Amino acid sequence: MQNLSRRFSTLQVPKLSTPPPQPIRPLFQYSKIQHCRKILEYRIIIVLDVCTTLTQAQQVHAHVIANGLSQYSYVITKLIRTLTKLGVPMGTYPELVFRRVTRPNLFLWAAMIRGCVIEGQVSEAVRFYGLMRREGTGPVSFTFSSLFKGCGSVGDVSLGRQVHAQTVVIGGFAVDLYVGNTMIDMYLKCGELGCGRKVFDEMPERDVVSWTELIAVYAKSGDMGSARELFEESSLKDMVAWTAMVTGYAQNLMPREALDCFERMRGAGVGIDEVTLLGVVSACAQLGACRYANWVRGIAGESGFGPAENVLVGSALIDMYAKCGSLDDAYDIFRGMKQRNVFSYSSMIWGFAVHGNANAAIELFHEMLTTDVRPNRVTFIGVLTACSHAGMVDQGRQLFATMEKYYNVTPSAEHYTCMVDLLGRAGRLEEALELAETMPIVAHGGVWGALLGACHIHKNPGIAQIAASHLFELEPKNIGNYVMLSNIYASAGRWGDVSSVRKLMREKGLKKNPAYSWVETKNGGVEKFSAGDTRHPDYEDIKKALEDLLNRLQDHGYRPNLNSVDYDVGDEEKMRILMAHSEKLALAYALLNADTGPTIKIIKNIRICEDCHGFMCGASQVTGRHIIVRDNMRFHHFENGKFYLTKIMVQDFISGKLMHFS
């Protein structure tokens, strides 16, 4: 019988008197060498992790070569990733290192592809992928995730679809969660929301990233219905998903829904960060209700993001209080901030500007120049707006001239919009038109819209027609431009032109946006009114209060401005239309139901008409209340029968004389 070698035998060998041979010593020595090499590899990986310069990485590479590890893909992969992290161009040193490896493994190929994508060389990443496949090496999930990220970064959906096809042809990646998520991200970044949703629907497994990616994109695109549907369906709701919903509602002008979602988020015990708070602050600013403003300010402080500690949240709170009509609170936050940046100053300057406090805005601008904070484009928009609303033409021109010369801020179309508005409001319509036609950059809708608005103030249908013709080309679906031109024609009694504009609106299928106003009630709620609203449960009381107020105003000399009605109807019908304006209904409701405080704040979604402007002036006199109306342009303050800017009364209600700065 043939004896089996002791090395391969499975039987127990009895002890012999003579010493057995030692054939396993070379194997033991080889294992020891392998063990030492593994320790060396581990130490090299640790050192590569802490390399911060190319010189350090090269020294480690020399150590790798000296110890015979230059063919070990594991070590070289880590070296390539370190060089990528250090920003070394992939086509130089990293590729040279790579090409010295005789048989790179799939992870080394993936490292090269990843490095090219990070560098922005997507075509090179695809080239390496092709070389890898020709070498017979298969991809791993990191290979495809890198390629999808590259396609998304350059917006190449055609290439992305080819990579998608590779995952199907090769197979085995349909169930890979990481590949699926990066594939969704690629389609979303390329604007292919439908394709991204299809990939999502076909994924056998999804994580919180899968859900949140789609929710955020739906919200950003304005499809809050689909975003809400996905959000409610998901059982994986982290802070990012909740925040995407809150900010989505805020960005899509759905402030009530944003606040409701935020309250649900807090009720679910989910933490918040500054991004969440910024979304909530934006929603409160849209509502313009002080109760919500104070509420979110308290939450910010409790969460460690108070304005004194967090400059981003502090700047947003300044903007919020300014939009809520509480300029004192905005300034209180500004002064209490330990650190201020350009956003803090710009928010405060803008707040002063839209409240007509031009002197304070300009003074703060000059205070800012004494600090290390430099003004940016937003800062100049704020200070130029202040000059525009106060009629400070010369000062506005001087500031505009210094932007690029002293502060390296190139005037944009928005800055030219401010200048056209400044000249137009001051009655210098010809100069404003010349600036719009000769400005060095193409005038956008904002520029011509400012000129059209100035023509409405000064009742100039000739220049208005020029501005409107540009707007109809630039913004053919913006019904506000058509309505404004129609109103200008109506004020001039040009009813034929009014009919022509309305016919054009009908041909284009445009419908007038409904006007509505809202006011904060005594219990902190918000009551909303639309023009001609008769469905309110307190309508009869509101109607009677409005009639009583009208009688009192007429006793003080108020006469309705019937030109504010752009319909060719009788005076009685015009009067009925005027009395049904939403801001008048909101005022009557506030007088009936609001607390006994001295200030009434009303917010309107479109520009306040001339008649309501005069009506509010008179109401502030006969009721003794300070009335603030925020329309889509600015704040209007009325007190003691006066409309004031920067504490200077510029409109006397009884005489009806309007004074313009020059």
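Predicted model: local features only at pLDDT ≥ 70, side-chain atom pairs only at ≥ 80, totals over all residues.
Turn the view and you can follow H25 as it passes H27 in a left-handed crossing.

Next, show the side chains where the two helices meet. On the H25 side, pick Leu-452, Gly-453, Cys-455 and His-456; their partners in H27 are Asn-481, Met-484, Asn-487 and Ile-488. Colour this contact by residue type and you get four nonpolar, four polar and no charged residues.

How many cavities of 30 Å³ or more does a search of the whole structure find? There are two.

For the largest cavity, select Leu-287, Gly-288, Ala-289, Trp-518, Val-519, Glu-520, Val-526, Lys-601 and Ile-603, which line it. The space inside is about 40 Å³. Strands E1 (516-520) and E3 (599-604) each supply at least two of the lining residues, and E1 gives the most, with three. By type, this lining has six nonpolar, one polar and two charged residues.

Last stop: the second largest cavity, with a volume of about 30 Å³. To see its lining, select Ala-174, Val-175, Asp-176, Leu-177, Gly-180, Met-203, Pro-204 and Glu-205. Here you will find five nonpolar residues, one polar and two charged.

How values were computed:
Residues numbered from 1 in each chain as written. Heavy atoms only, no water. Left-handed = near helix turned anticlockwise from the far one by under 90°. Helix = DSSP H or I, 4+ residues; strand = E, 2+ residues; numbered from the N terminus. Contact = heavy atoms within 4.5 Å. Nonpolar A, V, L, I, M, F, W, Y, C, P; charged D, E, K, R; others polar. 1 Å grid on protein atoms, 1.4 Å probe; cavity = no way out; pocket = protein on both sides within 12 Å on 5 of 7 lines; lining within 4 Å. Points joined across faces, edges and corners; volume = space filled by probe spheres on them.
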